[in-house]
Amino acid sequence: MNRPIYMDNAATTRTDPRVVEAMLPYFTEIYGNPGSRNHAYGWESEGAVDKAREQAASLIGAGPKEIVWTSGATESNNLAIKGTAQMYAKAPAGSTGRGHIISCIIEHKAVLDPCKRLEREGFDVTWLQPGPDGIITAEMVREAMRDDTILVTIMWANNEIGTINEIPEIGAVCREKGVVFHTDATQWVGKMPTDVQADNVDLLSWSGHKIYGPKGVGALYVRRRRPRVRLQAQMDGGGHERGMRSGTLNVPGIVGFGAACELCDREMEAERDRLLALRRKLEVELSARMDVVEVNGHAERRLPNLTNISFGFVEGESLMMGIKDIACSSGSACTSASLEPSYVLKGLGLGDELAHSSLRLSLGRFSTEEEVDQAIEGITTAVLHLRKLSPLYDLHNEGIDITTIEWQSH
Ligand SMILES: Cc1ncc(COP(=O)(O)O)c(C=O)c1O
């Protein structure tokens, strides 16, 4: 079977074969529990975990003792957000007025849902609204600050549109006000240089499977100095990870995570330039070959590998059917029985129709220029074909503004 071209690296990446190589011995040869302190099996595994801690910390400018291993970015976000809120709560559980949190409406669900739970549990959340460019600015955060603000959680880069928020500047506002600052950096880390010191970040989540590492392993950076951040554990048990996350460590996964971080560190610059050129080619060519094509989000403040493009006058599901040779994400999300337009695109102000007829194309380490060329051909053919069948597109070509038409029903 001919598999479609993979352009969904924001959903997950292929594990780099060099990462798999590094992991393999830790299944069958070096299999001790790193928590076993009194024999060599344990020490070997502990050594491997320590090395991975160094590799992970070094990628983001942190110290190895500031890394907490988790099962992925979802867990890292939950631990950061609920753990901070519970630790710094201003009133006991069961009461209202427990503290104020600032987040934003286009965060990943792994941030939205923990915040919504805290809202139900007596915390106040201010949901910032980005402008049409998708950016959350430091000024928006400053304006939302209150005397009882305990946490700001704003993603570094958005997973659907790739826009980059003003993270160092937001961090500076939080530092000035003495408020803990968490960022979900799942789409950012590994692709762009990160320095938690210079960028004023207190808590940072990321995930193995977005950086060519294995699935089911992630990390949370927890600042230890200036200021020291304390978290309420969400998992009770053996007190692993300095009491913040109990559970036997996933040693092969952690080794893979560390190896993936080191590769990203080493290859980031070249990879970034290559992917940026490919992404630009996608955007430039698609916009040149067709009209009514819109790249969503800020034109410049964007990840190198990801683009989100709306194609006017095509129907979303038909578009997806027309590009079966390309594995990518659409502007629709499956909820129970229906297709809902993406809340991120709607959050930027896009209408339902245009949100449905949007594609997220995300490139990665294994994407080639040939694949990009094929995708440009495939998408162009599908869109032009669908527009031939569209009476609305005919009207548009006749110069009629379809938003002004009054439709009659008989
Ligand atoms: C921005 C962002 N946050 C969190 C997650 C969840 O990551 P994980 O799959 O590691 O739990 C994702 C993955 O889709 C993401 O893109």
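Is F366 buried, exposed or partly exposed? I looked this up and found that F366 is partly exposed, with a relative accessible area of 31%, where buried means under 20% relative accessible area, exposed over 50%, and partly exposed in between, with a 1.4 Å probe and protein chains only.

**What I am working with.** I note that this is a predicted model, in which local features need pLDDT of at least 70 and side-chain atom pairs count only at pLDDT 80 or more, while totals for chains, interfaces and linings use all residues. Residues are numbered from 1 along each chain as its sequence is written, and side-chain values use heavy atoms, with hydrogens and water left out.

**Aromatic pairs.** I found six aromatic pairs in the structure; rings of Phe, Tyr and Trp (its six-membered ring) pair if their centres lie within 6.5 Å, and planes under 30 degrees apart count as stacked, over 60 as edge-to-face and the rest as tilted. One of them joins W156 and W188, which are stacked at 4.8 Å centre to centre with 10° between the planes. This pair links distant parts of the chain, 32 residues apart, with W156 in the loop between β5 (149–153) and α7 (167–177) and W188 in the loop between β6 (180–184) and β7 (203–207); helices (H or I, at least four residues) and strands (E, at least two) are DSSP runs, numbered from the N terminus. I then checked accessibility: W156 is buried at 2%, and W188 counts as buried at 8%.

For Y212 and F366, the ring centres are 5.9 Å apart and the planes stand at 80°, so I recorded the pair as edge-to-face. Y212 counts as buried, at 4% relative accessibility.

**Charges over rings.** I looked again at F366 and saw that R14 lies over its face, at 4.4 Å from the ring centre; a charge sits over a ring if NZ of Lys or CZ of Arg is within 6 Å of the ring centre and within 35 degrees of the ring normal. I also noted the charged end of R387 over the ring of Y393, 5.0 Å from its centre.

**The ligand.** I listed the residues around the ligand, among them G72, H108, M155 and K210, where near means that a heavy atom of the residue lies within 4 Å of the molecule. For polar contacts (a pair of N or O atoms within 3.5 Å; within protein, one must be able to donate a hydrogen and the other to accept it, and residues adjacent in sequence count only if both atoms are side-chain atoms), I wrote down that a polar side-chain atom of T74 lies 2.5 Å from an oxygen atom of the ligand, and that one of D184 lies 2.6 Å from a nitrogen atom of the ligand.
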